[in-house]
Amino acid sequence: MGLVVIILLGAIFIPTMWVAFEFTGATVGVLLAFIFPASISLKDPHGIATRKDKVISVCMIILAVFSNAIVIYSDAYALLT
């Protein structure tokens with residue numbers, strides 16, 4: 001949530017709407033596709049997930065955050081050049 005809020009606040013100061021769509025689209029896409037399902041698997045209130053499932057979930061979250069950082073960096077770099 002914090003990342004989405006920061007990007008949305010930053011997008012307010014960007015003059016074109018398409019740049020805002022690039023930042024928020026990249027972030028929300030990663031959140032919906034990778035981070036939310038992995039975090040649900042990590043919570044696991046019924047104890048269904050195995051240790052392997054939890055390790056894969058942590059790896060998914062780390063890779064999603066890393067790839068999202070690269071996308072945000074490339075969008076910001078393209079904005080400045």
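A contact is a pair of residues with heavy atoms within 4.5 Å of each other.

**View 1. Contacts along the chain of a predicted model.** Among contacts in the chain between residues at least 6 apart in sequence, 52% link residues at least 24 apart. The model is predicted, so that local features need pLDDT of at least 70 and side-chain atom pairs count only at pLDDT 80 or more, while totals for chains, interfaces and linings use all residues. Residues are numbered from 1 along each chain as its sequence is written, and side-chain values use heavy atoms, leaving out hydrogens and water.

**View 2. The helices of the chain.** The chain contains 3 helices and 0 strands, where helices (H or I, at least four residues) and strands (E, at least two) are DSSP runs numbered from the N terminus. In sequence order the pattern is α-α-α.

**View 3. Helix α3.** Helix α3 covers residues 51–80, which is 30 residues. From its first C-alpha to its last, α3 reaches 44 Å, close to the expected 44 Å; the expected span is 1.5 Å times one less than the number of residues. Ser57, Ala64, Asn68 and Asp75 are the buried residues of α3, buried meaning under 20% relative accessible area with a 1.4 Å probe, counting protein chains only. In the chain of 81 residues, 25% are buried.

**View 4. The extent of the chain.** The C-alpha trace spans about 50 × 20 × 15 Å along its principal axes. The radius of gyration, taken over C-alpha atoms, is 15 Å, whereas a compact globule of 81 residues would have one near 12 Å; the globule rule is 2.2 Å times the number of residues to the power 0.38.

Methods:
Buried < 20%, exposed > 50% of the residue type's maximum accessible area, 1.4 Å probe, protein only.
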